[in-house]
Amino acid sequence: MPAGLRDRRLKSPTNITLAEWQAAKRRGKNAIDQKALIQQCWASSDSRAGFQSALQDHGHILAKGDRRGHVVVCHDGEVLAVARATGQKAKVVKERLGDPDDMPTVAVAMADHAKDMRKQFGKMAGEVRTKLSKSRAALEAKRTALIARHRAERALLERCQMRRWHAEAIERKSRFKIGLAGLWQKLSGKRAAVKSENEKHAYDALKRDQAQILAISEAQLLERRKVEIRRSYLRREAFGLLSEMREERNALIEKLTAPQPIPRKRRRKVQLDHKNACGPDFSP
């Protein structure tokens, strides 16, 4: 198909990436007009092979309908008659596509779609797990670096506090006089006052240092908590995405593998055969 006629958004859902699947989800489930897509494929081809190839590019299969007509089995289990979807007469469709007897039945096409869907969703689930693994590895490297920085910060604070404590202890000790001045300080009662003041100063210094340790610990815990929250978010996001994909996969496969309805003519024949085999019904 010429590039100007191809709609790149209508890529086959059995051959897409995780990002493309998520983009399609954001556009909405009904974003693709199946009839317009089939008309586009019809207009771009002039033979059965070309039409089949164009349909396969979008994840659709050309099959034989229950009434011997040509139908398109979409990837989501929808079955559309080619004549009705393209607006062409059945004769024109048959001239281009030939006899449908050598084409797969709707049931076979559905089974093929179900197989492709299992494979596709398995591939996308692998993408999710790989993405989660890479994100967690990067987050773990950040966490390791954060722990190392926090340890270095606490060690630096401890060294600084230790030097300051020694300097302050020397200063407190220097307030006590020695010799005759010390004796006079003791006899005058000033030594007791200095001792009391030093004890208060030491206690205040201890409380100050403890407050600094508490402050840096709380700040570091806040940083660590952000990393842990991010790790939990990544895990919830990945498992939520996997759950959503699993639900959609199961719904699609259930639809694709459901028993096909019996056509009206065949259903009437089955009823007549049953009636002839069992005889007339005389129940009240």
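**Exercise 1. Characterise the surroundings of T86, starting from the polar atom of its side chain that lies 3.4 Å from the backbone nitrogen of Q88.**

*Solution.* The model is predicted, so that local features need pLDDT of at least 70 and side-chain atom pairs count only at pLDDT 80 or more, whereas totals for chains, interfaces and linings use all residues. Residues are numbered from 1 along each chain as its sequence is written, and side-chain values use heavy atoms, with hydrogens and water left out.

Step 1. List its partners: once neighbours within four places in sequence are set aside, T86 is in contact with I38, Q39 and W42, contact meaning heavy atoms within 4.5 Å. Q40 stands 46 residues from T86 in sequence, yet the C-alpha to C-alpha distance between them is 8.8 Å.

**Exercise 2. Determine how the buried residues of helix α3 are arranged and what covers them.**

*Solution.* Step 1. Identify them: in α3, residues 48-57, the buried positions are R48, F51, A54 and L55.

Step 1. Look down the axis of α3: its buried residues fall within an arc of 135°, so they line one face of the helix, the arc being that of the directions from the helix axis to the C-beta atoms.

Step 2. Turn to the face directed away from this buried side, which carries the exposed residues A49 and Q56.

Step 3. Find the cover: it includes α2 (34-43), β1 (61-64), β2 (70-73), α4 and α5 (90-97).

**Exercise 3. Describe the packing of helix α6 against helix α8.**

*Solution.* Step 1. Helix α6 (residues 106-174) and helix α8 (residues 190-257) pack at an angle of about 180°, and their axes are 10 Å apart; axes are lines fitted to C-alpha atoms, for helices over the stretch in contact, and angles run from 0 to 180 degrees between N-to-C directions.

Step 1. That makes α6 roughly antiparallel to α8, a label given to angles over 145 degrees.

**Exercise 4. State the overall composition of the protein.**

*Solution.* The protein has nine helices and three strands, and 29% of its 284 residues count as buried.

Definitions and conventions
Polar contact = N/O pair within 3.5 Å; in protein donor to acceptor, adjacent residues only side chain to side chain. Buried < 20%, exposed > 50% of the residue type's maximum accessible area, 1.4 Å probe, protein only. Helix = DSSP H or I, 4+ residues; strand = E, 2+ residues; numbered from the N terminus. Parallel < 35°, antiparallel > 145°, perpendicular 65-115°, else oblique.
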